[in-house]
Amino acid sequence: MLREILAITGKPGLFRIVSQGNRMIVVEDLASKKRFPTHSRDKVVSLGDISMYTEADDKPLGEILDLVYAHNEGKKVDVKHLIADGKLRQEFEAILPDFDKERVYDSDIKKLFTWYNILTEAGFTKFTEEELEKEESPVEEKAE
């Protein structure tokens with residue numbers, strides 16, 4: 001799901017891939033629903049390819065967004081209030097205690113919370129793709 005959501009350098013917000021053409025991608029802004037092309041010169045990053053540093057290993061963005069959603073019970077994060085009170089890192093540490101405090105900057109945390117707000121306002125509630133398990137029901141045959 002996050003593979004279809006893009007961040008484009010120089011453009012605020014998040015975008016969903018609508019279609020692909022020759023050397024361009026047509027995207028739709030999640031907030032305004034406006035569609036426009038992005039060209040090969042634009043730096044485009046899929047949210048599915050982003051991870052954050054932790055003490056042990058990198059953690060995919062989808063898993064972190066699920067943690068934020070659970071911690072906030074699906075409610076919006078008041079980023080401006082957290083920044084004004086100087087509690088941005090404290091809030092993130094309550095969600096992901098083992099994040100790498102030296103390599104994860106305040107701007108990264110702010111961007112994460114901003115993206116979370118955009119995604120939840122667009123109706124997203126689950127951020128990781130669960131593997132579909134195919135359960136085969138055993139068929140019992142009785143030979144008499």
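**Chatting through the fold: loops, helices and rings**

Tutor: Let's start with E55, which sits in the loop between β6 and β7. Before going on: this is a predicted model, where local features need pLDDT of at least 70, side-chain atom pairs count only at pLDDT 80 or more, and totals for chains, interfaces and linings use all residues. Residues are numbered from 1 along each chain as its sequence is written, and side-chain values use heavy atoms, with hydrogens and water left out.

Student: Fine. Is E55 buried or exposed?

Tutor: E55 is exposed, with a relative accessible area of 55%. The cut-offs are under 20% for buried and over 50% for exposed, with partly exposed in between (1.4 Å probe, protein chains only).

Student: And what is E55 in contact with, leaving aside its neighbours within four places in sequence?

Tutor: D98, F99, D100 and K101. Contact here means heavy atoms within 4.5 Å. E55 and K101 are 46 residues apart in sequence, yet their C-alpha atoms are 8.5 Å apart in space.

Student: OK, zoom out. How many helices and strands are there?

Tutor: The protein has 4 helices and 7 strands. Both are DSSP runs numbered from the N terminus: H or I with at least four residues for helices, E with at least two for strands. The order from the N terminus on is β-β-β-β-β-β-β-α-α-α-α.

Student: What share of the residues is buried?

Tutor: Of the 144 residues, 32% count as buried. On contacts, take those with a separation of 6 or more: residues 24 or more positions apart account for 54% of them.

Student: Let's do helices. Which residues of α1 are buried?

Tutor: α1 covers residues 61-71, and L61, G62, I64, L65, D66 and V68 are buried there. Their cover includes β6 (51-52), β7 (59-60), α3 and α4. Just after α1, E73 takes a positive phi of about 55°.

Student: Now α3 and α4. How do their axes cross?

Tutor: The axes of α3 (residues 88-95) and α4 (residues 106-121) come within 10 Å and cross at roughly 65°. α3 and α4 are therefore roughly perpendicular to each other.

Student: And which residues meet there?

Tutor: L88, R89, E91, F92 and I95 in α3 meet D106, I109, K110, L112 and F113 in α4. That contact has 6 nonpolar, no polar and 4 charged residues.

Student: Switching to rings. How many aromatic pairs does the count come to?

Tutor: The count comes to 6 aromatic pairs. Rings of Phe, Tyr and Trp (its six-membered ring) pair if their centres lie within 6.5 Å; planes under 30 degrees apart are stacked, over 60 edge-to-face, and the rest tilted. One of the pairs is F15 with F36, edge-to-face at 5.4 Å centre to centre and 85° between the planes.

Student: Where do F15 and F36 lie?

Tutor: F15 lies in strand β2 (residues 15-21) and F36 in strand β4 (residues 35-39), so the pair ties together parts that are 21 residues apart in sequence. F15 is buried, at 2% relative accessible area.

Student: What about F92 and F113?

Tutor: They form an edge-to-face pair too, 6.2 Å centre to centre with 75° between the planes. This pair links helix α3 to helix α4, 21 residues apart. Both F92 and F113 are buried.

Student: Which residues form a cluster?

Tutor: Y69, Y116 and F127 form one aromatic cluster.

Conventions:
Axes are lines fitted to C-alpha atoms, for helices over the stretch in contact, and angles run from 0 to 180 degrees between N-to-C directions. Angles under 35 degrees count as roughly parallel, over 145 as roughly antiparallel, 65 to 115 as roughly perpendicular and the rest as oblique. Ala, Val, Leu, Ile, Met, Phe, Trp, Tyr, Cys and Pro count as nonpolar, Asp, Glu, Lys and Arg as charged, and the others, Gly among them, as polar.
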